[in-house]
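Here is a short note for someone reading a structure of this kind for the first time. Please keep the sequence and the 3D view open while going through the points.

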Amino acid sequence: MLEIKNVHKSFHKNAILKGVDLSIDKGDVVVILGPSGSGKTTLLRCINFLERADKGHASFGDIKVDLHHAKKKEIHAIRQKIAFVFQNYNLFTNKTALENVTEGLIIGRKIPRAEAIIRGKQALDKVGLSEKYNAYPIELSGGQQQRVGIARAVALNPDIILFDEPTSALDPELVGEVLSVMKAIAKEEGTTMLVVTHEISFAKEVANRVIFMDDGVVVEEGSPHEILVTPKEERTIRFLKRVIPKDYIYQI
Amino acid sequence: MSQGLNYEFLIDTFFVALSGISITLLVTIVSLIVALPLGFLLAMTRINRIPVIQRIAQIYVSFVRGTPIIIQIFIIYSSIPLILKAFFDKYNIQLDIYKINPIWYALIIFSFSTTALLIEVFRSALGTVKKEQLEAAYSVGLTTFQAYRRIIIQQVLVVALPNLCTTTVNLIKATSLGYAMSLPEITLNAKVAANMGYNYVEAYLDIFIIYLILCMTVEYIFKVLEKRLSKYKMANA
């Protein structure tokens, strides 16, 4: 469904992505692991054109696009199919939780207001925020804000949701609530997801494919078992040793 | 002054001066209508470092900030007729430039100077809105124009409101300098009335009170506006 080929991106001559290929099928939950600075976030941002790749191609269903030369219209068309969940939630601070969710429906997707509100409320119910329709972001905890961020993405009914380290900015005790919402959406709705995260337990339990990136390239990819339990590459083994705590893993 | 204030004149002149309020408000409101979008767009060129235009905006701001409004009035009021006259003569247009209503000059001068002030107001306000807000808008499928209209401008306005209030109040007070080009606003009306019997103290008291009430009203309106627009910020307080 989504295929990207040979993505390159540099910032000030500092090469971040050095030719990344990736293909995702409908219903996949793909987790990208890797040390910070390996280009995971940049990859997601290039897919959604929040960064302009220096080189690379993407095909999205029947849309094929050059990631570097894409025109405004093509970018807009692709963004209509993709939703994004940000590390820092990035809720619209001047809108309530419900307005945050309906904004993209009413303005972006041109869905009638009444229908958008119903869909918005359903999405917020799904992430357990039925009580918070009219709360402003400032009134919500980090975990609640991120759940609104997820509801905002889910309500769009996109072909794929990109998650950019959705729990990294959260207090440890709030990580669980966000991960379990993501897990529920993946399991119950069959939503296609591409998730950058450091939560190994999420990769293990929810993902059907894990990609390990380092230094701007995909080092290794396979099933969670292949990557997490029986990794082949030296770099993967070294990384896993550092991040997997021996005695404790979040339960979700 | 030995006979004290001339109360009759004080009251009569109050209404004479007050009749100039429509001109004062007209100049203020038209200047704001011109300066708000223009100032915002030029502030955007500064923030996004659009070459050439941002430099021009920068120089423009320095010119306006670096000169008293009264001098800007003198220069424009005395030079534009000359330029227009040369232009009319050249193209044989039969129009008496000395019959042009001074309100046109006032509108040009005050729009011009207010735009410069608002560039700076919006530039600082735009700096407080994080670019992540724009990215989030893109991610839910909004175009740049929609994102600005629905998300960015609303947030910028709330931050800019206190400074917009100051600019508006200063603008109202600055229009009193319109008397220098015979603009029949509050100040000129009172001065003309005072000229006849040398009742300057009464006339000045009148305009003092009128400006005070006018500016306090504007401040109140802005305060109400700010409270309504910024409820998302004080939700917890």
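This is a predicted model: local features need pLDDT of at least 70, side-chain atom pairs count only at pLDDT 80 or more; totals for chains, interfaces and linings use all residues.

1. Residues are numbered from 1 along each chain as its sequence is written, chains are lettered from A and ligands numbered from 1 in the order in which they are written, and side-chain values use heavy atoms, with hydrogens and water left out.

2. Chain B has 9 helices and 0 strands; helices (H or I, at least four residues) and strands (E, at least two) are DSSP runs, numbered from the N terminus. Along the principal axes, the C-alpha atoms of chain B fill a box of roughly 70 × 60 × 30 Å. Of the 237 residues in chain B, 44% are buried; buried means under 20% relative accessible area, exposed over 50%, and partly exposed in between (1.4 Å probe, protein chains only). Contact means heavy atoms within 4.5 Å. Among contacts in chain B with a separation of 6 or more, 80% are between residues 24 or more positions apart.

3. Is S113(B) buried or exposed? Its relative accessible area is 4%, so S113(B) is buried. S113(B) sits in helix α5 (residues 102-128) of chain B. Apart from neighbours within four places in sequence, S113(B) touches V64(B), I69(B) and Q72(B).

4. Chain A contains an open sheet of 4 strands, in the order β2-β1-β4-β5, with antiparallel pairing. Two strands pair if DSSP finds at least two bridges between them.

5. F11(A) stands opposite N14(A) in β2(A). Helix α2 (residues 72-79) of chain A lies across β4 (55-60) and β5 of chain A, and runs at about 130° to β5(A).

6. Another open sheet of chain A has 6 strands in the order β6-β7-β8-β3-β9-β10, with mixed pairing. Its edge strands are β6 (82-85) and β10 (217-222) of chain A, each pairing on one side only. The twist from one strand to the next averages 20°. Within the sheet, β7 (residues 160-164) and β8 (residues 193-196) of chain A pair in the parallel sense over 4 bridges, and D164(A) has V196(A) in β8(A) as its bridge partner. Helix α1 (residues 40-47) of chain A lies across β3 (29-33), β6, β7, β8 and β9 (209-214) of chain A, at about 145° to β7(A).

7. Two residues of chain A deserve a look for their backbone angles. H12(A), not a glycine, has a positive phi near 50°. H12(A) lies in the loop between β1 and β2 of chain A and is exposed at 80% relative accessibility. K110(A) is not a glycine either, and its phi is positive at about 60°. The loop between α3 (97-108) and α4 (113-126) of chain A holds K110(A), which is exposed at 59% relative accessibility.

8. The largest pocket has a volume of about 500 Å³. On a 1 Å grid over the protein atoms alone, a cavity is a set of points where a 1.4 Å probe fits but cannot get out, and a pocket is an open set with protein on both sides within 12 Å along at least five of seven lines; lining residues have an atom within 4 Å of a point. Grid points are joined across faces, edges and corners, and a volume is the space filled by probe spheres set on the points. Of the 22 residues lining the largest pocket, L32(B), L36(B), L164(B), T168(B) and F222(B) lie nearest its centre. α2(B) gives the most to this lining, with 9 residues.

9. The lining of the largest pocket has 19 nonpolar, 3 polar and no charged residues. Ala, Val, Leu, Ile, Met, Phe, Trp, Tyr, Cys and Pro count as nonpolar, Asp, Glu, Lys and Arg as charged, and the others, Gly among them, as polar. The lining of the second largest pocket divides into 7 nonpolar, 7 polar and 3 charged.

Note on methods: Axes are lines fitted to C-alpha atoms, for helices over the stretch in contact, and angles run from 0 to 180 degrees between N-to-C directions.
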